[in-house]
Amino acid sequence: VQVVVGLDIEYGKKGSRKATLSVWRTHVVHTDDGDELRVVQEIADEAFRDDQGNPTDHPGLRLQLSDFACEELTEDVIRAGGQEILLSTQQLCQYLTAAEDKARGQRALVKHSILPGVKKRKRSETPPERMASDDEAKYVEQEQRAAKRMADDDPDYEHTSMRSTPSE
């Protein structure tokens, strides 16, 4: 994970449609003990939508191609200048409003439907479980080993070959 984007949408405050943006990125920091991977918060709770639901003058969300894949896959693109994705506050507000409208109108954002006239095949019955003969032998052996282990752990149990007879 190269970047984490957080949106804080004020659903709890009555009448407020404010939304803020936070961005965290990984960075390699040179320390006395060597290089260390750290997470740095680059944007902290900056409003991109005001209380009325209007876009603010925030510059928006700026992502790099390298944010979506490891360095080994993107190093040629990074050297060539990288590819940037910029989402303006207007776009962020449009996407957020569309998601809120869908969430209000229905439970799921997407509904998969079957074409009219298409029938679903009934699920076949699951056959009862049957034990194969080699399975039964395996389970009998496991039960015998378990019984022996229990007997070996029982301090009152004496094995017959170790028991001394009264004549000895």
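Three strands form an open sheet, ordered β1-β2-β3, with antiparallel pairing. The model is predicted. Helix α2 packs on this sheet. The largest pocket holds about 230 Å³ of space, and β2 gives the largest share of its lining.

- The edge strands are β1, residues 3–9, and β3, residues 34–49. Each of these two pairs on one side only.
- From one strand to the next, the twist averages 20 degrees.
- Strand β2 covers residues 19–31 and runs antiparallel to β1. Seven bridges join β1 and β2.
- L7 has L21 in β2 as its bridge partner.

**Helix on the sheet**

- Helix α2 spans residues 89–105. It touches β1, β2 and β3.
- The direction of α2 makes about 75 degrees with that of β3.

**Largest pocket**

- Strand β2 supplies four residues, the largest share of the lining.
- The lining residues include R25, T26, H27 and V28. Also lining the pocket are V1, Q2, L37, S66, D67, A69, E71 and T74.
- By residue type, the lining of the largest pocket divides into four nonpolar, five polar and three charged residues.

Technical notes: Residues are numbered from 1 along each chain as its sequence is written. This is a predicted model: local features need pLDDT of at least 70, side-chain atom pairs count only at pLDDT 80 or more; totals for chains, interfaces and linings use all residues. Side-chain values use heavy atoms; hydrogens and water are left out. Two strands pair if DSSP finds at least two bridges between them. Axes are lines fitted to C-alpha atoms, for helices over the stretch in contact, and angles run from 0 to 180 degrees between N-to-C directions. Contact means heavy atoms within 4.5 Å. On a 1 Å grid over the protein atoms alone, a cavity is a set of points where a 1.4 Å probe fits but cannot get out, and a pocket is an open set with protein on both sides within 12 Å along at least five of seven lines; lining residues have an atom within 4 Å of a point. Grid points are joined across faces, edges and corners, and a volume is the space filled by probe spheres set on the points. Ala, Val, Leu, Ile, Met, Phe, Trp, Tyr, Cys and Pro count as nonpolar, Asp, Glu, Lys and Arg as charged, and the others, Gly among them, as polar.
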